[in-house]
Amino acid sequence: MRETPLSNCEREFIRKALGERKRLDGRQAYDYRTLKIAFGYDRGCCRVDLGQTRVLAQVSCEITSPKQQRPSDGVLFVNVELSPMASPVFEVGRMSDQGVEINRILERCLKESRCVDTESLCIIAGEKVWQIRVDVHVMNHDGNMIDCSSIAAITALAHFRRPDVTVDGTDVIVHTIEEKDPLPLSVHHMPICVSFSFYEQGKFLLVDPSDKEEKVMDGKMVIGMNKHREICSLQVTGQMLLLKDQVLRCSNIAVVKVTEITEWIQKALENDRQARLNGERFGFREAVVMDTVTTNQMNPEKIKVDETDQSPAASDDEVTMETNGHISDEDNKVPEVKILAKGVGCIGDGGESKWDVDDKMEEEIKSESIILSKKKVKKEKPADVIILDDSDEEGTTMLQADDLNTIPDRVVIPTKMSDSTDLSAAIKKKKKDKKNKKQKDVT
């Protein structure tokens, strides 16, 4: 996958910001990003975070034959891997130009500076020596992979321990960790690379450029130096010309940065050594820091829990009302269930809904409910019904009540249609008289 270039607007914005002595992430021109060093569970495993750029270095060893030119020296091999995990630009199994550049810079900085004593890696001169392999894996690319890889490689070498060996004639016995303690490598000094990026033909200078700043820069200079002010390597790339004063200024800046990083590395190594010695937890798991808030926490000092009584619920006589925040018997009392209507109940305070109901309407509803309840209680027995036999005699209708306002107790159902029509007419007349009476009362 080809790299996505910056637009002209982004380039102009970054250059204009650099002209005003400003950077995209708010740093000053000579400031490094946040540096984090973490060690794995095994010896020689180191992870370095420089801002968002992350590099993992792993050191391993094996017994091999020495080179003919140096029969009594061990072998130091450096390998750099750039996978699509770091950036979609990189391809699997194919070394990019950046990978070749980083690999060569690290080899010159570590091997040619003789930072590791290779003569101490000799087992039998001309036959068997230790080969130390440093594998550098870039896990995330956000600019300045050279500095991050350099710090990870030298830190992993200082953290590594090789097995102890015993030579018996021509036989070599490699002891395990349980038999003999492993031995550290002889690291004489710690060369660290410091990268500088130049803009507008060297007019502006930045330390530790980010990914976007690297895409805009005119050139870059990498200085490999230790804290003793010894320059181990120097490389300049890009289409630009630098003056002697600019190189001297960069070397003076590199001395300060290398000293700070070396102290940081030694402090991280000492903390890991103390953790392993004291039996504390160590490894990448302990170095993980959550960047997001996953839960809300309350200050435990403000929470007071009474743990004196662990028994089940106490009796009503034992529960008393106190002002210390304890529960009283009134709070423990179960609210009574009230039946408001058929199929409707209420627990605790409350009642029927009284929305849009004034006082006068509420009184009328109460009176009507009282009348209905009385009618239900005083419900009279149904009238006795007598059916007469079919005969030629005329039937008669007998109303036992003198007042038509009352319902008769005894009704005789006539056998002829004429008598039934007279009864229905009497009932209708009674209802009509009641209606007229109400209208008169209203007028």
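Which residue of strand 3 is the bridge partner of D49? Read on for the answer, in point 3.

1. A word on the model. This is a predicted model, in which local features need pLDDT of at least 70 and side-chain atom pairs count only at pLDDT 80 or more, while totals for chains, interfaces and linings use all residues. Residues are numbered from 1 along each chain as its sequence is written, and side-chain values use heavy atoms, with hydrogens and water left out.

2. Helices (H or I, at least four residues) and strands (E, at least two) are DSSP runs, numbered from the N terminus. Strand 2 covers residues 45–50, and because six of its six residues are buried, it is largely enclosed by the rest of the structure. Buried here means under 20% relative accessible area, with a 1.4 Å probe and protein chains only. On one side sit C45, R47 and D49, and on the other C46, V48 and L50.

3. Its partners. Two strands pair if DSSP finds at least two bridges between them. Strand 1 (residues 35–39) runs antiparallel to strand 2, with five bridges joining them; L35 has L50 as its bridge partner. Strand 3 (residues 53–64) also pairs with strand 2 in the antiparallel sense, over six bridges, and here is your answer: the partner of D49 is R54.

4. The two turns. Five residues lie between strand 1 and strand 2 in their hairpin, where G44 takes a positive phi near 90°. The hairpin of strand 2 and strand 3 has two residues between the strands, and G51 in the turn has a positive phi of about 70°.

5. The core. A nonpolar core is a set of buried Ala, Val, Leu, Ile, Met, Phe, Trp, Tyr and Cys residues joined through side-chain atoms within 4.5 Å. The largest has 66 residues, and I37, L157, F196 and I265 have the most contacts inside it. Helix 3 gives the largest share of this core, ten residues. Contact means heavy atoms within 4.5 Å; beyond its neighbours within four places in sequence, I37 touches residues including C46, V48, I151 and I265.

6. The pocket. A pocket is an open set of points on a 1 Å grid over the protein atoms alone, where a 1.4 Å probe fits, with protein on both sides within 12 Å along at least five of seven lines; lining residues have an atom within 4 Å of a point. The largest pocket is lined by 25 residues, with E3, V89, F90, Q98 and H141 nearest its centre. Helix 2 gives the largest share of the lining, four residues.

Technical notes. Buried < 20%, exposed > 50% of the residue type's maximum accessible area, 1.4 Å probe, protein only.
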